[in-house]
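Trainee: I am new to this structure and would like a close look at one part of it. Please start with the charged side chains and follow whatever leads on from them.

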Amino acid sequence: MMLRQLLLGGAVSLGNIAIHAVVMTTVVGTARNASKWNRHQSHVWLAAVMVVTVGVLMVAHIAEVVTWAFAYAILDVVPAGTNALYFAFVNYTTLGYGDVVPVERWRLLGPMAAMNGVLLFGWSTAVIFEVLRQAMRRREP
């Protein structure tokens, strides 16, 4: 029973890692290309780059939460009458309200989603700093 939970949770986590990898490589590549553009008012440029970057990362995280919610719905993880998307957000962000718990046979999926979220938030933080570094690289005086 635990092996099944670990395998399915691992598969969902790997799917999210793939989503994140595609978004992260696109964001970093775009930042590197954008650092070559000629621009004026570098402080406005820097702010715009950071707002767009964080916005894209938020969309990626929402897609990953939706992936967990979809898995929860398919596997019937959340109790009847509970919103799977809400449950996925609470677990992924490690908020842990405790107002909804998974059904007994799927108890490991909540902590696995939390572990997945923590890893991907950390990865996003690293990418934010890389984009900031790239954006400041050719900053005009």
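**Charged partners and what surrounds them**

Mentor: Arg107 has a relative accessible area of 38%, so it is partly exposed. That label is given between two cut-offs: buried means under 20% relative accessible area and exposed means over 50%, using a 1.4 Å probe and protein chains only. Before we go further, please keep in mind that this is a predicted model, where local features need pLDDT of at least 70 and side-chain atom pairs count only at pLDDT 80 or more, while totals for chains, interfaces and linings use all residues. Residues are numbered from 1 along each chain as its sequence is written, and side-chain values use heavy atoms, with hydrogens and water left out.

Arg107 has a partner: it forms a salt bridge with Glu104, with the closest N and O atoms 3.2 Å apart. A salt bridge here is a side-chain nitrogen of Lys or Arg within 4 Å of a carboxyl oxygen of Asp or Glu. The idea behind it is that side chains of opposite charge can pair when their charged atoms come close. Glu104 counts as exposed because its relative accessibility is 59%.

By this rule there are four salt bridges. Another of them joins the side chains of Glu130 and Arg32, at 3.3 Å from N to O. Because Glu130 lies in helix H4 and Arg32 in helix H1, this pair ties together parts that are 98 residues apart in sequence. Helices are DSSP runs (H or I, at least four residues), as are strands (E, at least two), and both are numbered from the N terminus. Glu130 is buried, since its relative accessible area is 18%, whereas Arg32, at 42%, is partly exposed.

Glu130 has a further partner, because its side chain also meets that of Arg133 in a salt bridge of 3.0 Å, N to O. Arg133 and Glu130 sit three residues apart in H4, so about one helical turn separates them. In general, an α-helix has 3.6 residues a turn, so residues three or four places apart point the same way. Arg133 is partly exposed, with a relative accessible area of 47%. Through shared partners, Arg32, Glu130 and Arg133 are joined into one network of salt bridges.

H1 has 33 residues, which at 1.5 Å a residue should span 48 Å, and its end C-alpha atoms are 47 Å apart, which agrees. The expected span is 1.5 Å times one less than the number of residues. Buried residues of H1 include Gln5, Gly9, Ser13, His20 and Ala34, and the buried residues of this helix pack against H2 and H4.

Setting aside neighbours within four places in sequence, Ser13 is in contact with Trp68, Met112 and Asn116, where contact means heavy atoms within 4.5 Å.

Trp68 takes us to the aromatic rings. Rings of Phe, Tyr and Trp (its six-membered ring) pair if their centres lie within 6.5 Å, with planes under 30 degrees apart called stacked, over 60 edge-to-face and the rest tilted. The count comes to four aromatic pairs. In one of them, Trp68 and Tyr72 have ring centres 5.7 Å apart and planes at 40°, so the pair is tilted. Both residues lie in H2 (residues 42-75), four residues apart, about one turn of the helix. Trp68 is buried at a relative accessible area of 0%, and Tyr72 also counts as buried, at 0% relative accessibility.

Tyr86 and Tyr97 form a stacked pair, 6.5 Å centre to centre with 20° between the planes. This pair links distant parts of the chain, 11 residues apart: Tyr86 is in H3 (residues 84-92) and Tyr97 is in the loop between H3 and H4 (109-137). Tyr86 is partly exposed, with 32% relative accessibility, while Tyr97 is exposed, with a relative accessible area of 54%. To return to Trp68, it forms one aromatic cluster with Tyr72 and Phe87.
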